Structure formats: C-alpha cells, structure tokens
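Colleague: Could you pick one part of this model and go through it closely? Please keep it simple, and link the part to what lies around it.

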Amino acid sequence: MSCDKGSAPERLATLPPGGPLKFRMRMASDPRLLSVVRSSVSELAAVWGFEDEQCRRITLAVDEALSNIIRHAYQNRCDQEIDLNLQAHSDCLEFSFLDHGEAADPSRFCAEPLDEIATGGRGTHLIRKIMDEVCYERLPEGNLLRLKKYLPGVKSKA
Amino acid sequence: MKTATREQTGTTIIDVTGDIDMGTSPGLRKTLLESLKKTPRLVVNMREVRYVDSSGIASLVEVLKEARNKEKRLVLFGLNAAVHEVLQLTRLTKFFDIRETEEEALKA
C-alpha cells in the first residue's frame, strides 16, 4: 500500500480547537472492506506527517488488527460489527478497535516472533513491531485493542 | 487480486495483480499449490502486487515448504518496497529465493 497519491497531502500542522482530530468507522467484519480501510488509514497517516514507509507500516498494523478480529474474535463470520476509532493527537496517531466476539488470548499480543517456518502468529508480531504501544482489554461490551504510533522524533511514553 | 498463468519450458509463471490480504490469500494459495503440482519450477511475478499482509506471507511460506518437500523450486520476482518491507519485518527475506527481474528468475 503506497502513500503516494499523486500530489502530496496537506499536513495538518495544528490541532483543531476541539482537541484531537477524530475519525470513526463502523464496519462489517467482511475482508472485502479491508482495502477500503487501508486506503483511509494510509491517507490519514500521510496527512498527519508520517513518511511513506511509516504510512505503509501503520496501514499494515491496522489491517493485521482487523484481520485478527475477523479471524479469531468472529471466527471468520462476515456479518459482525467492528468499531474503528482513530484519534490524531499532536504527537501520535491512536487507533482503537472494539469488537463483540470471542475474547482474545492476551499472550498473543506479547508473543515473541515465530520462526520462519511457522504458519501463523505473524500478524501480532507485525503489530508489535510497528506500533509503539499495544494494549488489549476485555471489557463488558467487548474486546478493545488500542494501538499508538508516535510521530518521528517523539519519544514513546510507554 | 487476480492471477494469470504462463508456461515456459520446465517453468510455470504466475502473474499476480492486486492486493494480497486475508480475503484474497486463500485464492492465491490454492492457485500456487495447484500449479506447483504440475511443474518442477514455479515463478511468481509480484510486480503488480501493491500490498501483502501476514496471511499472504503465510500462503507463500506454505507453498515454499511444499516445493521443498517435493524437491521443486519457488522463485519470486518484482517485489515492490511494500512487499519487501513485510518480508523484512517477518525476517523472511533470506527464506525465499527473490530476484529482481523475470529474466533473473528464469535463470535461477
């Protein structure tokens, strides 16, 4: 997924008076929608000042998070609901994913990378490798996964 | 994601176009494994692949393992920066036989 959309997107230099810039999607757990989300996330990351490589990586992490929800929480059912919230802070992008499926195994989110012949587990490895903060919570209303990526030069607060 | 198949002497070339994600990787996996049954050497043209996720990588790993089990070859070529990055992040760059061009892939 390239961030190159022809002309460079305008960088949003300052936050609006209302605080973080917010963007919300409520989507069905259908893999056909993943490309739509990738396009939006890539564009948002570029607008928020990330370079092409980081845009691609952030997009990959978000895609992997959604794929995990569809595959594991919803067992590949395509008609369930996922809420994706994005907040653009002055120093980072924060993504949160809420689903109402099976609880995730939290150990998956702190797993070490698997060896080269493993057939699974690379998605969570990629998410942890790319994002600065990864936090999973099981709430009464469902599973909440939060991912943060700080702008270059901003030290992670983790 | 779409695939097209070409034949050269002793080699099957699969041209892949589009994004490889959890929605499309099962189809790619099936195409590659079926093609591998009929050829000693499978060359995959990734020049028109814009994006690959971990499910796509897992499919390629599975095809490579099957090729090795059957003492056949799997060669990839034409990977763009995004695909290279995913292979690097998953530490698989050296696991695959990757070439720049089709000509190099056919000579590999």
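Modeller: Here is a close look at one helix, followed by its surroundings.

The model is predicted, so local features need pLDDT of at least 70 and side-chain atom pairs count only at pLDDT 80 or more, while totals for chains, interfaces and linings use all residues. Residues are numbered from 1 along each chain as its sequence is written, and chains are lettered from A and ligands numbered from 1 in the order in which they are written.

Start with helix H3 (81-89) of chain B. Helices (H or I, at least four residues) and strands (E, at least two) are DSSP runs, numbered from the N terminus. Which residues of H3(B) are buried? They are B:Ala82, B:Val83 and B:Val86. Buried means 20 or more other C-beta atoms within 10 Å of a residue's own, exposed means 12 or fewer, and partly exposed lies in between; C-beta atoms are placed from the backbone. Why do the three count as one side of H3(B)? Because they cover an arc of only 100° around the axis. The arc is that of the directions from the helix axis to the C-beta atoms. In general, an α-helix has 3.6 residues a turn, so residues three or four places apart point the same way. Now turn to the other face of H3(B). There sit the exposed residues B:Ala81 and B:Gln88.

What covers the buried residues? The cover includes H2 of chain A, along with E3 and H2 of chain B.

After H3(B) comes B:Arg91, with a positive phi near 60°. In general, most residues other than glycine have a negative phi. B:Arg91 lies in the loop between H3 and strand E5 (97-99) of chain B. It is partly exposed, because 15 other C-beta atoms are within 10 Å.

Next, the chain contact. In all, 22 residues of chain B touch 26 residues of chain A; contact means C-beta atoms, placed from the backbone, within 7 Å. On the chain B side, strand E3 (41-52), helix H2 (54-69) and H3 each give two or more residues. The largest share, seven residues, is from H2(B). This side has 10 nonpolar, four polar and eight charged residues. Ala, Val, Leu, Ile, Met, Phe, Trp, Tyr, Cys and Pro count as nonpolar, Asp, Glu, Lys and Arg as charged, and the others, Gly among them, as polar.

E3(B) has a partner strand. It runs parallel to E2(B), with eight bridges joining them; strands pair if DSSP finds at least two bridges between them. One bridge sets B:Thr17 against B:Glu48 in E3(B).

B:Thr3 faces B:Val16 in E2(B). These strands form a hairpin with two residues between them, and B:Gly10 in the turn has a positive phi of about 75°.

Definitions and conventions:
Contact = placed C-beta atoms within 7 Å.
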